[in-house]
Amino acid sequence: TTEIYTLSLHDALPICHLATGLCILILNLAVGALKPAADIAWLDIAGEGGAALLSLMWTFFIFNSRPAGWVTRLLSGGLAFIFFSYWQDVLDEFIQLPAHVHWDHWVESGSMPLGMILLTLGIYHWHREQRAINRQLLKRERIFREHRSFDALTPLSDARYLREQLALELQHTQQPVSLIMIDLDCFDHSRRLLGSADGDRLLRELSELLVLNLRQKDLLCRYAGDRFAVEIGRAHV
């Protein structure tokens with residue numbers, strides 16, 4: 001049996017960036033002539049080449065530390081254009097292009113601001129993404145710190161912990177406490193269609209989604225099966 005491997009966009013982007021850099025090199029060699037060694041500014045090459053190499057390394061780190069998605073594409077695209085700008089700078093030190101050639105100026109001067117804009121957008125959305133992750137971690141911090149029991153399937157506390165928290169709330173406050181019960185309709189049917197493993201994964205992903213959309217002081221528990229409980233009250237003791 002012949003297995004066909006399909007390259008994902010996340011895997012293909014680094015190859016496209018390197019291929020574009022190679023095309024820039026070939027274009028310079030095709031239309032230009034190598035400069036004499038006496039005309040080469042080695043200090044400029046060290047600075048510009050080092051910056052180009054660092055931008056490539058940063059791109060590699062981005063692809064290896066982040067999941068696929070448009071934020072990753074913004075970050076890697078910004079770094080790629082910054083690399084193209086520095087790469088053309090380096091090639092200008094080695095290759096003399098004819099006076100009528102102007103595209104090198106567009107590659108050198110146009111790529112840098114475009115790269116900085118894309119990189120800034122990527123960092124901004126990465127910042128928002130990280131804040132959402134931090135909010136989620138803060139909601140769980142108290143449970144982790146107390147080493148309370150967790151549900152066996154989802155990263156939530158279980159029904160016993162919910163009962164303990166409700167008892168504490170009723171003892172220490174006169175303010176009303178709200179309890180919301182969430183029951184998934186037709187989950188058993190979905191589980192039969194998806195299979196046991198994917199059904200469990202659906203429950204875990206749903207619990208993550210619920211946690212992200214609650215306030216820090218609210219408590220989400222898996223009550224039983226496909227039922228969840230949300231306690232809406234003051235910050236827990």
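Student: What should I know before I start reading?

Tutor: The model is predicted, with local features needing pLDDT of at least 70 and side-chain atom pairs counting only at pLDDT 80 or more, while totals for chains, interfaces and linings use all residues. Residues are numbered from 1 along each chain as its sequence is written, and side-chain values use heavy atoms, with hydrogens and water left out.

Student: In what order do the three strands of the open sheet run?

Tutor: Helices (H or I, at least four residues) and strands (E, at least two) are DSSP runs, numbered from the N terminus. Two strands pair if DSSP finds at least two bridges between them. In this model the order is β3-β5-β4, with antiparallel pairing. The edges are β3 (178-183) and β4 (219-224), each of which pairs on one side only. From one strand to the next, the twist averages 25°.

Student: Which non-glycine residue has a positive phi?

Tutor: C186 is one, with phi near 60°. C186 sits in the loop between β3 and α6 (187-194). For accessibility, buried means under 20% relative accessible area, exposed over 50%, and partly exposed in between (1.4 Å probe, protein chains only). C186 counts as exposed because its relative accessibility is 59%.

Student: Which helix lies across β3, β4 and β5?

Tutor: Contact means heavy atoms within 4.5 Å. Axes are lines fitted to C-alpha atoms, for helices over the stretch in contact, and angles run from 0 to 180 degrees between N-to-C directions. Here, helix α5 (residues 159-172) lies across the three strands and runs at about 130° to β4.

Student: How many salt bridges are there?

Tutor: The rule asks for a side-chain nitrogen of Lys or Arg within 4 Å of a carboxyl oxygen of Asp or Glu. By that rule the count is four. One of them joins E164 to R160, with the closest N and O atoms 2.4 Å apart. These two are about one helical turn apart, because four residues separate them in helix α5. E164 is partly exposed at 26%, and R160 is partly exposed at 39%.

Student: Which residues are linked in a network of salt bridges?

Tutor: D198, R201 and E205 are. R201 meets D198 at 3.7 Å and E205 at 3.1 Å, N to O. R201 and D198 lie three residues apart in helix α7 (residues 196-212), about one turn.

Student: Which residues make the nonpolar surface patch?

Tutor: Patches are made of residues with over 30% relative accessible area and no salt bridge: like charges are joined within 9 Å, nonpolar side chains (Val, Leu, Ile, Met, Phe, Trp, Tyr) within 5 Å. Areas come from the Shrake-Rupley method with a 1.4 Å probe, and for residues only the protein chains shown count as cover. L53, L54, M57, W58, F60 and F61 make a patch of about 630 Å². F61 lies in helix α2 (residues 42-65) and is partly exposed, at 45% relative accessibility.
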